[in-house]
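Reader: Hi! Could you walk me through this one while I have it open?

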Amino acid sequence: MDVVDKLRELFIVPELDALHQPMAEIRVGLELTNSWLDDMNAHLAEQGRHLDEMNRHLDETNKRIDESNKRVDLLRVELTARIDETNKRIDDLLADLTARMDQTNGRVDAGRDVFFQRMDDLHRRLDALQQALTDLALAVARRKDQERPERRLAELEKDVEFLKQRVV
């Protein structure tokens, strides 16, 4: 075994020594890489915690938005009902006012008819009075022709004045 040991010392040990140096460099590189990976892992864990916190915050915000949406929906339903109620009241009021206007228009039409009937009656009476006045004037004129003209003229003027006052 002596030869084997000698061979080992001659060939293998120098080779092993030569391998120790690069192995040490590789080990240092691996330690640096492992340290960098540990730092990266810690950074990623911190980012994960930060993302978890942001997700919790987003969940809370989404819950608040959902609550606000529910409130908006409830308000929409309530306001729509109130608008519908107001529209119904407006429609009822419009129908009532339209009916009242129709009644008033009917009364105005009836009043107008009565007014025109009275106007026609007054015109007939005026025509009759005018005719009576004309007849009276003619009768007076005939009578005056027979009586004294001056006295008769004064009487006729009084009669005409009287009839004018009656007409008015």
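Author: Happy to. Let's start at Ile12, which sits in helix H1. Bear in mind that this is a predicted model.

Reader: Thanks. Is Ile12 buried, exposed or partly exposed?

Author: Ile12 counts as partly exposed, because its relative accessibility is 44%.

Reader: Please do. What is the N to O distance for Glu53 and Arg56?

Author: The closest N and O atoms of that salt bridge are 2.6 Å apart. Glu53 and Arg56 both belong to helix H1, with three residues, or about one turn of the helix, between their positions.

Reader: While we're at Arg56, how far is its C-alpha atom from that of Val4?

Author: Those two C-alpha atoms are separated by 70 Å, and the residues are 52 apart along the chain. Arg56, as a reminder, has its place in helix H1.

Reader: Back to the bridges. Which residue does Asp92 pair with?

Author: Asp92 pairs with Lys88, and their side chains meet at 3.0 Å, N to O. The two are about one helical turn apart, because they are four residues from each other in helix H1.

Reader: Is Lys88 exposed or buried?

Author: Lys88 is exposed, because its relative accessible area is 53% and the exposed class begins over 50%. Asp92, at 41% relative accessibility, counts as partly exposed.

Reader: Got it. What about Asp121, where is its partner?

Author: Asp121 forms a salt bridge with Arg124, and the closest N and O atoms are 2.3 Å apart. Both residues lie in helix H1, three residues apart, which is about one turn of the helix.

Reader: What are the relative accessibilities there, say for Asp121?

Author: Asp121 is at 30%, so it counts as partly exposed. Arg124 is at 49%, so it is partly exposed as well.

Reader: New topic: how many cavities of 30 Å³ or more turn up in a search of the whole structure?

Author: The search finds one. About 40 Å³ of space lies in this largest cavity.

Reader: Which residues line it?

Author: The lining of the largest cavity is made by Leu129, Leu133, Leu163, Arg166 and Val167.

Reader: Which helices supply at least two residues of that lining?

Author: Helix H1, covering 2-146, and helix H2, covering 149-167, each do. H2 gives the most, with three residues.

Methods: Residues are numbered from 1 along each chain as its sequence is written. This is a predicted model: local features need pLDDT of at least 70, side-chain atom pairs count only at pLDDT 80 or more; totals for chains, interfaces and linings use all residues. Side-chain values use heavy atoms; hydrogens and water are left out. On a 1 Å grid over the protein atoms alone, a cavity is a set of points where a 1.4 Å probe fits but cannot get out, and a pocket is an open set with protein on both sides within 12 Å along at least five of seven lines; lining residues have an atom within 4 Å of a point. Grid points are joined across faces, edges and corners, and a volume is the space filled by probe spheres set on the points. Buried means under 20% relative accessible area, exposed over 50%, partly exposed in between (1.4 Å probe, protein chains only). A salt bridge is a side-chain nitrogen of Lys or Arg within 4 Å of a carboxyl oxygen of Asp or Glu.
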